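Trainee: Please take a close look at a single part of this model and describe its setting in the chain. I would like one connected account.

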Amino acid sequence: VVVASRGCAFAGTFRSTFSGYINRLRGYYGLSMKDSWFGQLEQQKMMHEFHNVNLDTYAKEWPDAWLGIDADVAPSQDIF
């Protein structure tokens, strides 16, 4: 998991908790979500956009999980 999360780019599976955790680690490390992809065409670039947490899925990681966790900024699309 650590090796996959530190790569220049990551391609995972939508709704995979494993891929979700890797994306969360990438967020903790400050890596851009513009370099994270999903294999399914419909969701391929889903990590490239800021979404609110109120969507109906548990396996996708949300920017709220890593933006502002040190209380330095509030999660928003502006800093995504």
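Mentor: Start with arginine 15, which is partly exposed, with a relative accessible area of 49%. The model is predicted, and what follows should be read as such. Arginine 15 belongs to the loop between S1 and H2.

The protein chain has two helices and two strands, and along the sequence they follow the pattern α-β-α-β. Of its 80 residues, 36% count as buried. For contacts between residues at least 6 apart in sequence, 45% join residues at least 24 apart.

The loop that holds arginine 15 also holds phenylalanine 14, in the stretch between strand S1 (10-12) and H2. Phenylalanine 14 is buried, with a relative accessible area of 13%, whereas arginine 15 at 49% is partly exposed. The count of aromatic pairs comes to one. The rings of phenylalanine 14 and phenylalanine 38 have their centres 5.4 Å apart and their planes at 80°, so the pair is edge-to-face. Because phenylalanine 14 sits in the loop between S1 and H2 and phenylalanine 38 in strand S2, the pair ties together parts that are 24 residues apart in sequence. Phenylalanine 38 is buried as well, at a relative accessible area of 5%.

Phenylalanine 38 leads on to helix H2, by way of asparagine 23. Asparagine 23 is part of helix H2 (residues 17-28). With a relative accessible area of 2%, asparagine 23 is under the 20% limit and therefore buried. Leaving aside residues up to four places away in sequence, asparagine 23 touches Phe10, Met33, Ser36, Phe38, Met47 and Trp66. With one of these, serine 36, there is a polar contact between the two side chains, at 2.8 Å.

Methionine 47, another residue that asparagine 23 touches, is in the segment after S2. Methionine 47 counts as buried at 3% relative accessibility. In space, methionine 47 and lysine 34 are 6.8 Å apart, C-alpha to C-alpha, and they are 13 residues apart in sequence.

Beyond H2 comes the loop between H2 and strand S2 (36-38), where tyrosine 29 lies. Tyrosine 29 is partly exposed, with a relative accessible area of 35%. Together with Val2, Tyr28, Leu31 and Ile69, Tyr29 makes a nonpolar surface patch of about 450 Å².

At 61% relative accessibility, glycine 30 is over the 50% limit and so counts as exposed. Glycine 30 and leucine 67 are 37 residues apart in sequence, with a C-alpha to C-alpha distance of 9.1 Å.

Conventions:
Residues are numbered from 1 along each chain as its sequence is written. This is a predicted model: local features need pLDDT of at least 70, side-chain atom pairs count only at pLDDT 80 or more; totals for chains, interfaces and linings use all residues. Side-chain values use heavy atoms; hydrogens and water are left out. Helices (H or I, at least four residues) and strands (E, at least two) are DSSP runs, numbered from the N terminus. Buried means under 20% relative accessible area, exposed over 50%, partly exposed in between (1.4 Å probe, protein chains only). A polar contact is a pair of N or O atoms within 3.5 Å; within protein, one must be able to donate a hydrogen and the other to accept it, and residues adjacent in sequence count only if both atoms are side-chain atoms. Contact means heavy atoms within 4.5 Å. Patches are made of residues with over 30% relative accessible area and no salt bridge: like charges are joined within 9 Å, nonpolar side chains (Val, Leu, Ile, Met, Phe, Trp, Tyr) within 5 Å. Accessible areas come from the Shrake-Rupley method with a 1.4 Å probe; for residues, only the protein chains shown count as cover. A salt bridge is a side-chain nitrogen of Lys or Arg within 4 Å of a carboxyl oxygen of Asp or Glu. Rings of Phe, Tyr and Trp (its six-membered ring) pair if their centres lie within 6.5 Å; planes under 30 degrees apart count as stacked, over 60 as edge-to-face and the rest as tilted.
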